[in-house]
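This briefing covers the helices, the core and a few selected residues of the chain shown below. Please read it alongside the sequence and the coordinates.

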Amino acid sequence: VCLDPPPPIFYMNDTSRSIINFVHAQNRLSAEPTMSYTFDAGPNAVLFTTRPHLPTVMANLLATFPPASGVSLDSYCQGS
C-alpha cells in the first residue's frame, strides 16, 4: 500500500486482505510454515506451498475460498 503520494494508492482489496489472514492463520495452526504469499502489481495473490503440505493447503483453501460455479480447479493450482 502506497500511502505517501496524494492520493494514496490502495491496490489490495478485501479478498486480498482475507487471503493474507488465511495464510497467517494456516501457518499458526501448523508446527512449521506451510504456505506463503506474494502479490502481483495488483490485488492478485500468488500462494506457495510444498508438495507435502499441498493436500491440506488445497482443502483449506477451497473450503475458505470456493471457486465460482463453472470455474475449473486448474486455474487454482499451477506447478509441479
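Helices (H or I, at least four residues) and strands (E, at least two) are DSSP runs, numbered from the N terminus. The expected span of a helix is 1.5 Å times one less than its number of residues. This is a predicted model, in which local features need pLDDT of at least 70 and side-chain atom pairs count only at pLDDT 80 or more, while totals for chains, interfaces and linings use all residues. Residues are numbered from 1 along each chain as its sequence is written, and side-chain values use heavy atoms, with hydrogens and water left out.

**Overall layout**

- The chain has two helices and two strands, and from the N terminus on its elements run α-β-β-α.
- Along its principal axes, the C-alpha trace spans about 45 × 35 × 20 Å.
- Of the 80 residues of the chain, 21% count as buried; buried means under 20% relative accessible area, exposed over 50%, and partly exposed in between (1.4 Å probe, protein chains only).
- Among contacts with a separation of 6 or more, 25% are accounted for by residues 24 or more positions apart, where contact means heavy atoms within 4.5 Å.

**Helix α1**

- Helix α1 (residues 14-28) has 15 residues, which at 1.5 Å a residue should span 21 Å; its end C-alpha atoms are 21 Å apart, so the two values agree.
- The buried residues of α1 are Ser16, Ile19, Ile20, Phe22, Val23, Gln26 and Asn27.
- Seen down the axis of α1, these buried residues fall within an arc of 160°, so they line one face of the helix; the arc is that of the directions from the helix axis to the C-beta atoms.
- On the face of α1 turned away from the buried side are the exposed residues Asp14, Asn21 and Arg28.
- The cover over the buried residues of α1 includes β1 (35-39), β2 (45-49) and α2 (54-64).

**N-terminal end of α1**

- Asn13 caps the N-terminal end of α1, with a side-chain oxygen 3.0 Å from the backbone nitrogen of Thr15.
- This pair falls under the rule for a polar contact: a pair of N or O atoms within 3.5 Å, where within protein one must be able to donate a hydrogen and the other to accept it, and residues adjacent in sequence count only if both atoms are side-chain atoms.
- Thr15 is in helix α1 and counts as partly exposed, at 43% relative accessibility.
- From C-alpha to C-alpha, Thr15 and Val46 are 13 Å apart in space, and they are 31 residues apart in sequence.

**Salt bridge**

- Side chains of opposite charge can pair when their charged atoms come close.
- The count comes to one salt bridge, defined as a side-chain nitrogen of Lys or Arg within 4 Å of a carboxyl oxygen of Asp or Glu.
- The salt bridge joins the side chains of Arg17 and Asp14 (2.9 Å, N to O).
- Arg17 and Asp14 are separated by about one helical turn, because they are three residues apart in helix α1.
- Arg17 is partly exposed, with a relative accessible area of 39%, whereas Asp14 is exposed, at 57%.

- In α2, the buried residues are Val57, Met58 and Leu61.
- Seen down the axis of α2, its buried residues fall within an arc of 95°, so they line one face of the helix.
- Pro55 and Ala63 are exposed residues on the face of α2 turned away from its buried side.
- What covers the buried residues of α2 includes α1, β1 and β2.
- The largest nonpolar core has eight residues: Ile19, Phe22, Val23, Met35, Val57, Met58, Leu61 and Phe65.
- The elements giving two or more residues to this core are α1 and α2.
- A nonpolar core is a set of buried Ala, Val, Leu, Ile, Met, Phe, Trp, Tyr and Cys residues joined through side-chain atoms within 4.5 Å.
- Leaving aside neighbours within four places in sequence, Leu61 is in contact with Phe22, Leu47, Pro66 and Tyr76.

**Asn27 and Thr34**

- The side chain of Asn27, a residue of helix α1, reaches the backbone oxygen of Met35 at 2.8 Å.
- Apart from neighbours within four places in sequence, Asn27 is in contact with Glu32, Pro33, Thr34 and Met35.
- Thr34 is in the loop between α1 and β1 and counts as buried, at 9% relative accessibility.
- With neighbours within four places in sequence left aside, the contacts of Thr34 include Gln26, Asn27, Phe48 and Val57.
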